[in-house]
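Trainee: I'm new to this one and would like a close look at a single part of it. Could you walk me through one chain, slowly?

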Amino acid sequence: MKRSTLVNILFLAPCVFAFIMNIIIPFGFGLYYSMTDWNGVKTSANFVGMRNFAGLFSSPDFIYSFLITIFYTAINIVLVNAVSFALSLIVTSKFRFRNFLRAGFFIPYLIGGIVLGYIWQFILNNAIVAIGNSLSIGFLKSSLLGKPNTVIWIMSLVNTWQYSGYIMLIYVAAIQGIPASLMEAAEVDGAGYFSRTFKILVPMMANAFTISLFLTLTTSFKQFDMNFTLTNGGPATRFMDTPIKASQLLAMNIFNTATANRMAEAQAKAVVLFVALVLVALFQVAYNKKKEVEL
Amino acid sequence: MSASNSFSASKLLKSLMIVLVMLIFAFFMVPFVMVVINSAKTSKEIIFNAIALPQSWGQLFTNIKLIFTNSTVDYIGAFWDSLVITFFSLLVIVVFSSMAAWVLVRNKTRWSALLFMAFVAAMVIPFQVLMYPLVRWMRVIGDSIGFKLLGTVPGIVFAYLGFGCPLSIFIFHGFIKNIPYELEESATIDGCSKSRTFFSIVFPLLKPIMVTVLILNGIWIWNDYLLPLLVLGSSGPVQTIPIAVTAFAGAYLKQWDLILTSTLIAMLPIIVLYLFAQRYIIKGMVEGAIK
């Protein structure tokens, strides 16, 4: 073997080995276990075919988690991107404290989902209730996390608080990439602030919108940490005549199924999540290809 | 007359905008204020009034001491373990991913293209598909060859290398592609060995992109919950900060004085680091996101 080939193999070895051991092999097992009766208690697992998958789409608890995750993702895409875009306009304006504001808006992204879940749980269950009681505001007197109808919206609001500063940075980079002369020319020609923003800025930032959209989509779809410490799935509600947890997103549903030792079922749910994400990725690749052709 | 009217109208609009911006900023900052003021209260004080300023700021140090000396959760130990795990994971990710990315860029064979594709495609796989088989697989390795991966620092660092290297290789790959090959070629002609060419010529050139890789992985690893929970367990000898915080919240249900103080201590290091290295962090995050 040539010496340089040996060096190549040695250089690749650590990553390839860790990649195979931690991702490829568990992934293979993961697909297989989703078609077994693995329960985490006995050591063996017998092949059962597609039985686990067939059961999923008639189980109200899974259907609810799936639908609520799609709903949560949809409102996140709108809220996070609208807020981040507004923030990016603020921090690229001539506002005096723009750099200070930019630094501040980004801080929530540094706090992990676990920690910020507890912080917001405290704010929503204690601080806002205290304000509601002292000012006698009816709908604030009990926690907004305790109502099945509002809990997803509140989670989306917390998620917006966490992610907007990050997505804002992507928009800021896009805005700074637009030649200043273009905006000045439009201003000289008498275009107002809003028409400048929506007729020149937004179309020129199309790429940044695509990136942010898919980033928000995939992170919302996989949301776990904040869900776990903010609501832990609660409150209880009913769906298709079955008691279920109102804010149990897909990732948390998988976690709770596995905690109940129904490992194969959890694995099947995870495979469904995987397939959904693959579809999103394929759509993104196709979309980007199409756009490149247009350019 | 009309000119002065329009002037005051635009001035009014401007003041309104400033008020709006300040309100938005307040929404982003209020949670931190809530944590700080309530970390300086006793449990009773919080129940009595969660939004008032604390009676005495000295309580903050009493609460911090209560957490550091707590017998059920070894907070200082978790803090130290988090530091060690983050440090070594970042070290192996940066060194090994840059090595791999360099070989993948400079070898234009079918194999290297295929391998690169595999790394990129793997980024779509959600952790949920891998986590339970991974634990079972790690247990099998521990039982069969006696190398314990579960519950140990080397085990979780190895896992972070596996989960962190695809994105890191991708980022390094994009950067190395734009380094002129002539630089390495002249070194080789001068008799420099292949591995020395990498470590003394290419590696130093990677500094700017290394910051991006370090920050992206650093924020992820420091705050990560599920992987440490599964690999280290919620009550094993090695713990991390997020696990310690959940252990605290589980053990002292609704004792917000202790829970909030523990969250304050958990987020303090990363915020302090951010205040000092803000420019690099923001630049690194932007580059990581756009690629």
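Trainee: Let's take chain A: of its contacts with a separation of 6 or more, what percentage comes from residues 24 or more positions apart?

Mentor: Keep in mind that this is a predicted model. The share you ask about is 70%: that much of the contacts in chain A with a separation of 6 or more comes from residues 24 or more positions apart.

Now for the overall layout. Chain A has 12 helices and two strands. Reading from the N terminus, the order is α-α-α-α-α-α-α-α-α-α-β-β-α-α. The C-alpha atoms fill a box of roughly 75 × 75 × 35 Å along the principal axes, and 41% of the chain's 295 residues count as buried.

Let's zoom in on the two strands. Strand S1 of chain A covers residues 236-239 and strand S2 of chain A covers residues 242-245, and they pair in the antiparallel sense over four bridges. If you look for A:Thr237, you'll find that its bridge partner in S2(A) is A:Ile244. Together S1(A) and S2(A) make a hairpin with two residues between them. In that turn sits A:Met240, with a positive phi of about 50°.

Next, a pair of helices. Helix H3 of chain A (residues 60-91) and helix H4 of chain A (residues 98-110) have axes that come within 9 Å and cross at roughly 150°. An angle over 145 degrees counts as roughly antiparallel, so that is how H3(A) and H4(A) lie to each other. Where they meet, H3(A) brings A:Leu87, A:Ile90 and A:Val91, while H4(A) brings A:Arg98, A:Leu101, A:Arg102 and A:Phe105. Sorted by class, this contact has five nonpolar residues, two charged ones and no polar ones.

Another residue to look up is A:Tyr163, in helix H6 of chain A (residues 151-176). A:Tyr163 counts as buried because it has 23 C-beta neighbours inside 10 Å, and the cut-off is 20 or more. Leaving out residues up to four places away in sequence, A:Tyr163 touches A:Val80, A:Tyr109, A:Thr216 and A:Thr219. As for A:Leu145, it is 18 residues from A:Tyr163 in sequence and 20 Å away in space, C-alpha to C-alpha.

Finally, chain A has a partner. In all, 65 residues of chain A are in contact with 62 residues of chain B. On the chain B side, the largest share comes from helix H13 of chain B (residues 256-290), with 15 residues. The chain B residues that touch chain A divide into 51 nonpolar, 10 polar and one charged.

Definitions and conventions: Residues are numbered from 1 along each chain as its sequence is written. Chains are lettered from A and ligands numbered from 1 in the order in which they are written. This is a predicted model: local features need pLDDT of at least 70, side-chain atom pairs count only at pLDDT 80 or more; totals for chains, interfaces and linings use all residues. A residue is buried if 20 or more other C-beta atoms lie within 10 Å of its own, exposed if 12 or fewer, and partly exposed in between; C-beta atoms are placed from the backbone. Two residues are in contact if their C-beta atoms, placed from the backbone, lie within 7 Å. Ala, Val, Leu, Ile, Met, Phe, Trp, Tyr, Cys and Pro count as nonpolar, Asp, Glu, Lys and Arg as charged, and the others, Gly among them, as polar. Two strands pair if DSSP finds at least two bridges between them. Axes are lines fitted to C-alpha atoms, for helices over the stretch in contact, and angles run from 0 to 180 degrees between N-to-C directions. Angles under 35 degrees count as roughly parallel, over 145 as roughly antiparallel, 65 to 115 as roughly perpendicular and the rest as oblique.
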